[in-house]
Amino acid sequence: MHFQLENLTRKFGTNTAVDRVTLDIPSGQMVGIIGRSGAGKSTLLRMINRLVDPSEGSIRFGEMEVSTLTGAPLRRWHRDCAMIFQQFNLVPRLDVLTNVLLGRLNHRSTALSVLGLFTREERLMAIAALERLGIEQAALQPAGTLSGGQQQRVAIARALMQAPNMVLADEPIASLDPLNAKIVMDALREINEREGITVITNLHTLDTARNYCERIIGMAKGQVVFDGTPNELDADAVRRIYGSEHGGIDEAMTSTSISLPDAASGSTKTSAGQIRWATGTA
Ligand SMILES: Nc1ncnc2c1ncn2[C@@H]1O[C@H](COP(=O)(O)OP(=O)(O)O)[C@@H](O)[C@H]1O
Ligand SMILES: [Mg+2]
């Protein structure tokens, strides 16, 4: 089912955070959105998830107009379109298993939810999700005691419990070290490949987008300035996205680059090589 944005715009006062974005995303794609800080990446994802209302434009999923949903259909949309955040958004004092079960809330009656009652099936499903992400041993620990990488894996398990059509991730690895960044990106890739779930993820480093995403969307000042494959993302496109000043390029390449020896499985290019390429030609 196609997912389409048309002239999607969000203004905050006189500031246009997202400016007439038109995109057509086929189901099952793994899409990376890159751009400088303030380019409008988070606002775009938040509009898709309806955490922020568009000022203008439309969001369509198949035949459904998402931008005007209210009530039960809007709750269904929140369920179908799971969101993962940079800061994980778990409930720290609740155990991991309960945090994952909270992903089921949109599937159940309010009465059962308020009582915190989950069925045996739901508990088994939650444990299976944790096993899939390799953190089942932490199931009974308070979520707040886990490392950042583990917490993000719990957040992905919680998202899976929603049985979503789409996973939206807003800089999911920005606060993780390289090893955990790789584990989390591998997990997103796996749910995309194995279940055909569309993944749209904002990424703060270019090399991660190149390594993991079949399609890269570059944003600058609220607009889409690049939309193509990693191969099509040449030096010129990088300049359009990040600006021509050296500072812009440098900022884009720093921090959590995934440069472990086996990170680029299926690819002959290493992250380090790509960083050299990007700075060398900019
Ligand atoms: N809730 C808000 N109120 C006012 N301005 C906002 C709000 N959210 C985002 N903005 C502004 O919108 C622009 C885009 O921000 P954002 O979507 O967070 O960009 P990015 O995620 O690419 O860093 C920025 O100028 C930011 O200051
Ligand atoms: Mg952001």
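Mentor: Start with leucine 5, which stands opposite isoleucine 59 in β4. Keep in mind that this is a predicted model.

Trainee: Okay. In what sense do β1 and β4 pair, and over how many bridges?
Mentor: Antiparallel. Strand β1 covers residues 3-12, and β4 covers residues 56-61. Five bridges join β1 and β4.

Trainee: And how many bridges between β1 and β2?
Mentor: Seven, and that pairing is antiparallel as well. One of the pairs is phenylalanine 12 with asparagine 15, its bridge partner in β2.

Trainee: What do β1 and β2 form together?
Mentor: A hairpin, with two residues between the strands. Look at glycine 13 in the turn: its phi is positive, about 60°.

Trainee: New topic. What surrounds ligand 1?
Mentor: Phe12 and Asn15 are there, and so are Ala17, Gly35, Ser37, Gly38, Ala39, Gly40, Lys41, Ser42 and Thr43. Two elements give two or more residues to that shell: β2 (15-25) and α1 (41-48).

Trainee: Which element gives the largest share?
Mentor: α1, with three residues.

Trainee: How does the shell divide into nonpolar, polar and charged?
Mentor: Three are nonpolar, seven polar and one charged.

Trainee: Back to strands. What's the order in the open sheet?
Mentor: β6-β7-β8-β3-β9-β10, six strands with mixed pairing. β6 (81-85) and β10 (223-228) are the edge strands. Each has a single partner strand, so one side of each lacks a neighbour in the sheet.

Trainee: By how much are neighbouring strands turned against each other?
Mentor: By 15° on average, ignoring direction.

Trainee: Are β3 and β8 parallel or antiparallel?
Mentor: Parallel, over four bridges. β3 is residues 30-34 and β8 is residues 198-202. Methionine 30 stands opposite valine 199 in β8.

Trainee: Now helices. At what angle do α5 and α6 pack?
Mentor: About 135°, with the axes 9 Å apart. That makes α5 oblique to α6. Find α5 at residues 120-132 and α6 at residues 148-161.

Trainee: Is the crossing left-handed or right-handed?
Mentor: Right-handed.

Trainee: Which residues make the contact?
Mentor: From α5, Met125, Ala126, Ala129 and Leu130. From α6, Ala157, Leu160 and Met161.

Note on methods: Residues are numbered from 1 along each chain as its sequence is written. Chains are lettered from A and ligands numbered from 1 in the order in which they are written. This is a predicted model: local features need pLDDT of at least 70, side-chain atom pairs count only at pLDDT 80 or more; totals for chains, interfaces and linings use all residues. A residue is near a molecule or strand if its C-beta atom, placed from the backbone, lies within 6 Å of it. Ala, Val, Leu, Ile, Met, Phe, Trp, Tyr, Cys and Pro count as nonpolar, Asp, Glu, Lys and Arg as charged, and the others, Gly among them, as polar. Axes are lines fitted to C-alpha atoms, for helices over the stretch in contact, and angles run from 0 to 180 degrees between N-to-C directions. Angles under 35 degrees count as roughly parallel, over 145 as roughly antiparallel, 65 to 115 as roughly perpendicular and the rest as oblique. A crossing is left-handed if the near helix is turned anticlockwise from the far one by less than a right angle, and right-handed if clockwise. Two residues are in contact if their C-beta atoms, placed from the backbone, lie within 7 Å. Two strands pair if DSSP finds at least two bridges between them.
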